[in-house]
Amino acid sequence: MTALGRLADAVADLFLPRRCVACGRAGRWLCEPCRATLVPLPAAVCEHCGAPLPRPRPDCRECRGRHLAFVSARAAFVYEGPARRLVTACKFRGLRPLAAEMAALAEPSFERAVASLSGAGGVDLVTCVPVHRDRDLERGFDQAALLARRLAAAIDLPFVPLLERVQRGRRQSGLAAAARADNVRGAFRLRDQSADKAGTVRAVLVVDDVYTTGETLHACATALRHAGCEPHAFTFARAARAFRSETAADARLKEPPS
């Protein structure tokens, strides 16, 4: 972390009393009782998009028939309860210190995700989904970059901001799937100062705070593929529609006939 970043975190700690973002209890950004209710992603996931499933599969109903440019996607937690509160408080309430909290919580899952890629040659570097410079100025920080830097540092991987966002677009939250895809199509490109670095690496792990439909990560992965990289993705949290629906379907199949 830069000296300016450390100063910003110190100022936030001084003037923002820590209260649990989930229940409001004083003392920590996420208290122990709320931390215990975080839902980790299960070991069984879709091998492509990372959707939690009752059993591992090479694809799932979320990604089957879709062209997603990333090779694989993994996440730490299901995007509900305290995980959702952490993401939204960091992003929309400007609570910069929450990026460090999220990184610490996600580190074991991140380490496992990187280890799972070691058999295919390993991860060369970590990058992030960038925000548009206007939004960066509004918020005062890029939460995905903060998260990616801390996760990369935790396991001694280099972090390089390979991408930039060239179209601001609307916020993805609240948009339908098709609108999300249109909103980020062509929105990212390789940064001029990172072109040489991208040409020397193979596997790149793109970090973001949350996976909802995968369209933003797909757009970033597309830009990285054009640069000759093999993109993978990791997010702090992930929507779990397939897990809920397929688990319910399995339960119905197991019900005894009436």
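How are α3 and α4 oriented to each other? The two helices are roughly antiparallel, a label given to angles over 145 degrees, whereas angles under 35 degrees count as roughly parallel, 65 to 115 as roughly perpendicular and the rest as oblique. This is a predicted model, in which local features need pLDDT of at least 70 and side-chain atom pairs count only at pLDDT 80 or more, while totals for chains, interfaces and linings use all residues. Residues are numbered from 1 along each chain as its sequence is written, and side-chain values use heavy atoms, with hydrogens and water left out.

The chain holds 10 helices and six strands; helices (H or I, at least four residues) and strands (E, at least two) are DSSP runs, numbered from the N terminus. Of the 258 residues in the chain, 51% are buried. Buried means under 20% relative accessible area, exposed means over 50%, and partly exposed lies in between, with a 1.4 Å probe and protein chains only. Among the contacts in the chain with a separation of 6 or more, 72% are between residues 24 or more positions apart, where contact means heavy atoms within 4.5 Å.

The helix pair of the opening question consists of α3, residues 81-92, and α4, residues 98-116. Their axes are 9 Å apart and the packing angle is about 150°. Axes are lines fitted to C-alpha atoms, for helices over the stretch in contact, and angles run from 0 to 180 degrees between N-to-C directions. The crossing of α3 and α4 is left-handed; that is the term if the near helix is turned anticlockwise from the far one by less than a right angle, and right-handed is the term if clockwise. On the α3 side the contact is made by Leu86, Val87, Ala89 and Cys90, and on the α4 side by Leu98, Ala99, Glu101, Met102 and Leu105. By class, this contact has eight nonpolar, no polar and one charged residues. Ala, Val, Leu, Ile, Met, Phe, Trp, Tyr, Cys and Pro count as nonpolar, Asp, Glu, Lys and Arg as charged, and the others, Gly among them, as polar.

Helix α4 also packs with α6. The axes of α4 and α6 come within 9 Å and cross at roughly 45°, so the two helices are oblique to each other. Their crossing is right-handed. Helix α4 contributes Ala99, Ala100, Met102, Ala103, Ala106, Glu107 and Phe110 to the contact, and α6 contributes Gln143, Leu146, Leu147, Arg150, Leu151, Ala152 and Ala154. This contact has 11 nonpolar, one polar and two charged residues.

Two loops follow these helices. Gly121 is in the loop between α4 and β2 (125-128), and it counts as exposed because its relative accessibility is 54%. The C-alpha atoms of Gly121 and Ala203 are 7.9 Å apart, although 82 residues separate them along the chain. Asp156 is in the loop between α6 (143-154) and β3 (163-165). Asp156 is not a glycine, yet it has a positive phi of about 60°. Its relative accessibility is 71%, so Asp156 counts as exposed.

The structure also has three aromatic pairs. Rings of Phe, Tyr and Trp (its six-membered ring) pair if their centres lie within 6.5 Å; planes under 30 degrees apart count as stacked, over 60 as edge-to-face and the rest as tilted. One of these pairs is Phe70 with Tyr211, edge-to-face at 6.1 Å centre to centre and 75° between the planes. Phe70 is in the loop between α2 (32-35) and β1 (73-78), and Tyr211 is in strand β5 (residues 203-211), so the pair links distant parts of the chain, 141 residues apart. Phe70 is buried at 2% relative accessibility, and Tyr211 is buried with a relative accessible area of 2%.
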